[in-house]
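Subject: Structure handover

Hello,

Here is the structure for your files. My notes on what was found follow below it.

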Amino acid sequence: MSSESHAGPRKRPPPLHHTPRPTGRPAVSEQTYTNPIIPGPYEPVEDGLVRFNLAPEAAAEAVLLGCCASRRWALRVAAHRPYPDLDALLAAADEASYDLAHDDLTEALADERSPGLDPTAPSAAHTALRAAHAAYESRFGHAFVICLAGRRPTEHLNEMLGGIRVRMTNEQDEERAIAAEELRRLARARLTHLLTNHPEPDTAGAPR
């Protein structure tokens, strides 16, 4: 579709529980075998993706909604399981993001929260960012969405304040298009974080 970004306090997506390993088998690291649902060798590095592929439909959709709150997006991405690798999943997520209709984007934006700063940041920084967020939300009617993946926490304030300052000059349709792109990048970052065995929230804000 705010690691790629920080999106403030969010709902945490439900964890994808590990599938119990049958007794009597050697450790996965010592073997490869073919899974009837997920063709090809099972490697431990793919464990998060395997759990996602095998999760019940409702559980997979709930995890996806934690990454982008468009129900149509989540249903579409979940419906194309199993994915052979993370790149294939991210490509499907991108494709579904590009196809978001107006109402789908509105639904997703409504669930976002404007990104904040680490609690240890100076109070003046928090005050300045809150004021900027309030001005943006008043103008556009939804939270400011920005993907900060790869940015150091010390860079977040300048990135957000600068982004708000520039984007406040946009027309509504132009800003919705930019917000949609930021949501797409956020969904990628959140999915990557969750499926690489990091179900806990990241301080940079990629996951919900």
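Contact here means heavy atoms within 4.5 Å. Please keep in mind that this is a predicted model.

By that criterion, and leaving aside its neighbours within four places in sequence, Glu171 is in contact with Arg139 and Phe140. Glu171 and Arg139 lie 32 residues apart in sequence, and their C-alpha atoms are 9.8 Å apart in space. Glu171 is found in the loop between α7 (153–167) and α8 (172–195). Its relative accessibility is 56%, and exposed means over 50%, so Glu171 counts as exposed.

On the protein as a whole: the secondary structure comes to eight helices and zero strands. Of its 208 residues, 46% count as buried. The accessible surface comes to about 10,700 Å², and carbon and sulfur atoms account for 55% of that.

One helix pair is worked out in more detail. Two packed helices are described by the angle between their axes and the distance between the axes. For helix α5 (residues 102–110) and α8, the axes come within 11 Å and cross at roughly 65°. The crossing of α5 past α8 is left-handed. On the α5 side, the contact is made by His102, Leu105, Thr106, Ala108 and Leu109; α8 contributes Arg176, Ala179, Ala180 and Leu183. Sorted by class, the contact of α5 with α8 has six nonpolar residues, two polar and one charged.

Regards

Note on methods: Residues are numbered from 1 along each chain as its sequence is written. This is a predicted model: local features need pLDDT of at least 70, side-chain atom pairs count only at pLDDT 80 or more; totals for chains, interfaces and linings use all residues. Side-chain values use heavy atoms; hydrogens and water are left out. Helices (H or I, at least four residues) and strands (E, at least two) are DSSP runs, numbered from the N terminus. Buried means under 20% relative accessible area, exposed over 50%, partly exposed in between (1.4 Å probe, protein chains only). Accessible areas come from the Shrake-Rupley method with a 1.4 Å probe; for residues, only the protein chains shown count as cover. Axes are lines fitted to C-alpha atoms, for helices over the stretch in contact, and angles run from 0 to 180 degrees between N-to-C directions. A crossing is left-handed if the near helix is turned anticlockwise from the far one by less than a right angle, and right-handed if clockwise. Ala, Val, Leu, Ile, Met, Phe, Trp, Tyr, Cys and Pro count as nonpolar, Asp, Glu, Lys and Arg as charged, and the others, Gly among them, as polar.
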